[in-house]
Amino acid sequence: MLDNLPRGTICIEDIEMGMSRHLRKVVTDEDIEMFAQISTDRNPVHLDDDYAQDTIFQGRIAHGMLTAGLISAVIGEQLPGHGTVYMGQSLKFLAPVRPGDMVYAEVKVIDIDFSKRRVRLDCHCAVDGKKVLVGEATVLAPSRKFD
């Protein structure tokens, strides 16, 4: 994975509107197989070339939630980072991610409630500059005061 900043924690006291973090990752056949094993989602559109060829995608695609997991990685590792608690996530899938695609996942701070330690993040994933997933997350950020 190629991160734009080191992993760790940004406490609520240091979060600012417009802050953003991202990572890039190539989705591999191994990633798809491991996700299928862990999630128990063995839909052949993800795993079987012959089956997937006859679908609207005309080939295998990664699980949508595998792609969404990259958003979770940015939130849990970079912004806010370690100690963050997910409160909610909306997702809209716009296009498929295929084995071998380089996915760019980014989150950006769009609202902060310092008194409740809540941060709202605009989230998206893109392949070759084209958005494949959009959404928003609400998280409870760590605080130097409590953590």
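## Salt bridges

Glu136 is partly exposed, with a relative accessible area of 30%; here buried means under 20% relative accessible area, exposed over 50%, and partly exposed in between, with a 1.4 Å probe and protein chains only. The side chain of Glu136 forms a salt bridge with that of Arg120, at 2.9 Å from N to O. A salt bridge is a side-chain nitrogen of Lys or Arg within 4 Å of a carboxyl oxygen of Asp or Glu. Because Glu136 belongs to strand β6 and Arg120 to strand β5, the pair ties together parts that are 16 residues apart in sequence. Arg120 is also partly exposed, at 31% relative accessibility. Salt bridges with shared partners also link Asp29, Asp49 and Arg60 into one network.

The model is predicted: local features need pLDDT of at least 70, side-chain atom pairs count only at pLDDT 80 or more, and totals for chains, interfaces and linings use all residues. Residues are numbered from 1 along each chain as its sequence is written, and side-chain values use heavy atoms, with hydrogens and water left out.

Seven salt bridges are found in the whole structure. One of them joins the side chains of Arg7 and Glu77, at 3.5 Å from N to O. Arg7 sits in the loop between β1 (2-3) and β2 (20-26), and Glu77 in helix α4 (residues 64-77), so this pair ties together parts that are 70 residues apart in sequence. Arg7 is partly exposed at 40% relative accessibility, and Glu77 is partly exposed at 25%. Lys25 and Asp31 form another salt bridge through their side chains, at 2.6 Å from N to O; both Lys25 and Asp31 are buried.

## Strand pairing

Helices (H or I, at least four residues) and strands (E, at least two) are DSSP runs, numbered from the N terminus. Two strands pair if DSSP finds at least two bridges between them. Strand β6 (residues 130-140) is antiparallel to β3 (residues 85-93), and eight bridges join them. In this pairing Leu91 stands opposite Gly135 of β6.

Strand β5 (residues 118-127) is also antiparallel to β6, with ten bridges between the two. Ala126 has Lys131 in β6 as its bridge partner. β5 and β6 form a hairpin with two residues between them, and Asp128 in the turn has a positive phi of about 50°.

## Helix α4

The 14 residues of α4 should span 20 Å at 1.5 Å a residue, and the end C-alpha atoms are 20 Å apart, which agrees. The expected span is 1.5 Å times one less than the number of residues.

Which residues of α4 are buried? They are Leu66, Thr67, Ala68, Leu70, Ile71, Ala73, Val74 and Ile75. These buried residues pack against β2, α1 (29-39), β3, β4 (102-113), β5 and β6.

## Nonpolar core

A nonpolar core is a set of buried Ala, Val, Leu, Ile, Met, Phe, Trp, Tyr and Cys residues joined through side-chain atoms within 4.5 Å. The largest nonpolar core holds 33 residues, of which Ile15, Ile71, Val107, Val109, Val119 and Leu121 touch the most other members. The elements that give two or more residues to this core are α4, β4, β5 and β6, and α4 gives the most, with seven residues.

Leaving out residues up to four places away in sequence, Ile15 touches Ile10, Pro80, Val109, Ile112, Phe114, Val119 and Ala141. Contact means heavy atoms within 4.5 Å.

## Chain as a whole

The chain has four helices and six strands, in the sequence order β-β-α-α-α-α-β-β-β-β. Its C-alpha atoms fill a box of roughly 55 × 30 × 25 Å along the principal axes. Of the 147 residues, 42% are buried. Among contacts with a separation of 6 or more, 66% are between residues 24 or more positions apart.

Lys145 lies in the segment after β6 and is exposed, at 68% relative accessibility. Lys145 and Ile12 are 133 residues apart in sequence, with their C-alpha atoms 9.6 Å apart.

## Record annotation

An unreviewed UniProt entry lists residues 20-113 as "domain: MaoC-like". UniProt positions are given in the numbering used here, feature names are shortened, and annotations may be inferred rather than shown by experiment. In the model, the span of residues 20-113 is 36% helix and 30% strand, and its end C-alpha atoms lie 17 Å apart.
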